[in-house]
Amino acid sequence: MSVTAVRAGAGRAVAGTALLAAVSLLPWLSGTDPALTVLRARSADQDPTPAQLTAVREQLGLDEGPLAHLVHWLGGLPRGDAGVSWVSGEPVLPEVSAAFGVSVTLMLGAFVVTVAVAGLVCARTLYLGSRRRLRQGRAGTGAAVLAALPKFLLASLLATVCGVWLGWFPSSGWEGPASMVLPALALGVPSGAMIGGMLAPALPAAFHEPWARTWHASGFPPGLIARNALRRTLSGVLPQLLPTVVALVGGAVAVEKIFNIPGLGRLALDTAMAQDLPPLQTATLALVLLGVAAGLLIQALRRALLGPALRDGALPALHPPALARPRSLRLLTGVCALALLTLVVAGLLRDPLQVDTAARLLAPSAAHPLGTDSLGRDLLARLGHGALRTAGIALAVTAVSIVVGLLLGMAAGVSVGLTEVMSTLPAVLAGLLTTAVTGPSVWGAALAVCLVGWTPYAAQTAALAEEERASGHWLASVSLGAAPRYLLRRHLLPAVLPAVLRNALLRLPTTVLVLASLGFLGLGEQPPTPEWGRLLSENQPYAELAPWTVLAPAGALVLLAVLAVSATESGGATGGGRRRTAPAGSP
């Protein structure tokens, strides 16, 4: 066994143990008496007596402290005993196993949809590239629009239209394969757009390699050329399946609630809120093991795709060709910027906090151009006043996550285990752990998102840096005595940074929504502060009755995503990729 494998295994063990220990501390860190929380979860009694609280503490052994509970729980696992629920008194393992099976099945369905959507996003590039007819790049705005769609909003729309109105599929419950269709679509469409949005810009570089030109001139079938181009570029995108698709096992809480699915994410949230420690620990362990298993599988697939060239340092580097940018790209950037600016300026001229119960859920009109919410507040005003705060916090969280991801991704031999473990941790659970220490606040929620938000960038950085270090020009620079700073500046960063930035831009609306979900649970931004993600969360129950209440903030998020992607593409930040770099010491 290699030193790298030993380090990775030790990293997985340490990271998993640390996470389980942190979860075990949650009832004691929360600042609320665990006995009180458990008793309220059992009976909804708002005023328990001291005698009742004492009886619960004695029954659960809360005075023994978190370490004793953790050791006792770990000791029972080899015997198949994960303890009993503090709330229901039922054995934990059957409940968690059933929820885990449901969530894994749903994740597999979402994976199928993800692959289909990603294929559609890349279809044009594959078709033209395999026929040597790729002359113009793509703006990627279609993928940005789909990736920006809130999963819970898409789930509500599908449940209402396809489930209730048309009756095509069940809109609630988990009774058979038909129950999986709508939630899998709600989860898979944005995920597929995100994967496709990262894969499509990498394909032109593969079609620009010498082998592709030679195969085309020799008359090889376009399909064979397309498959080999996919094989070369998929290796850099495969690690994104872990934080984007596999993480849905614990992170699809909103969709599970909308469709009333008894999944693991919903179970983990309910037990965390009730401080029901045994099922929460077991659910966390299941997510840790899933993350490690999926990480090992993805790593094996990458090595199979790249073959011996990755091991032997003979992997050709991908150099994107100079493709013409669409003429409409600058126009699209200007239109999105003008639309957002108009929304913000018009909204700032209005009062976002004025409540008018006589004007509840009014449709758009001259007096209220975007309508009103459930309290009669003007939606245009709330969008305008929340723009700077929404974008500022999301950009700050994204920037911190990128920096952390780059640093840990460059040291993949040490951090790979941590990345796998943290990739499947739900942001809500991270929020509960963080706010237990910092208290509920917008910056506490931002810190919680940063704790899990770096994993996609670390996984991507590690994959692309590994490929760069296996290239011939890297070995040439090292053999000529290139300094580490030169290798970082001229090789690693040009190979990694453009793809990571595009990944971050595609994930920007998701960051806004995760922050909003924490605020909705009382862990982050609190009402009546206007914030785009919170506007979506607050108005989601009225999506069928008053669809404009969610269409306005969802449209603003889509505009923000399209503006970010199109602006960077038109400026060449992510579209041009790396430059050819001569080895150190060459003329």
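Is Cysteine 336 buried or exposed? I looked it up: Cysteine 336 is buried, with a relative accessible area of 4%. Buried means under 20%, exposed over 50%, and partly exposed in between, using a 1.4 Å probe and protein chains only.

I noted the ground rules. This is a predicted model, where local features need pLDDT of at least 70, side-chain atom pairs count only at pLDDT 80 or more, and totals for chains, interfaces and linings use all residues. Residues are numbered from 1 along each chain as its sequence is written, and side-chain values use heavy atoms, leaving out hydrogens and water.

I then looked for disulfides (cysteine sulfur pairs within 2.5 Å). The structure holds 0.

**Cores.** Next I looked up nonpolar cores: buried Ala, Val, Leu, Ile, Met, Phe, Trp, Tyr and Cys residues joined through side-chain atoms within 4.5 Å. The largest has 95 residues, and Leu187, Phe259 and Trp532 are among those touching the most other members. Helix α6 (residues 92-130) gives this core its largest share, 14 residues. Helices here are DSSP runs of H or I, at least four residues, numbered from the N terminus.

I followed Leucine 187. Leaving aside residues up to four places away in sequence, its contacts (heavy atoms within 4.5 Å) include Leu106, Lys151 and Val255. Another core lies apart from the largest one; it has 34 residues, including Val292 and Leu518.

**Surface.** Which residue did I check outside the cores? I picked Tryptophan 165, in helix α8 (residues 151-165). Tryptophan 165 is exposed, with a relative accessible area of 57%.

Terms used. Helices (H or I, at least four residues) and strands (E, at least two) are DSSP runs, numbered from the N terminus.
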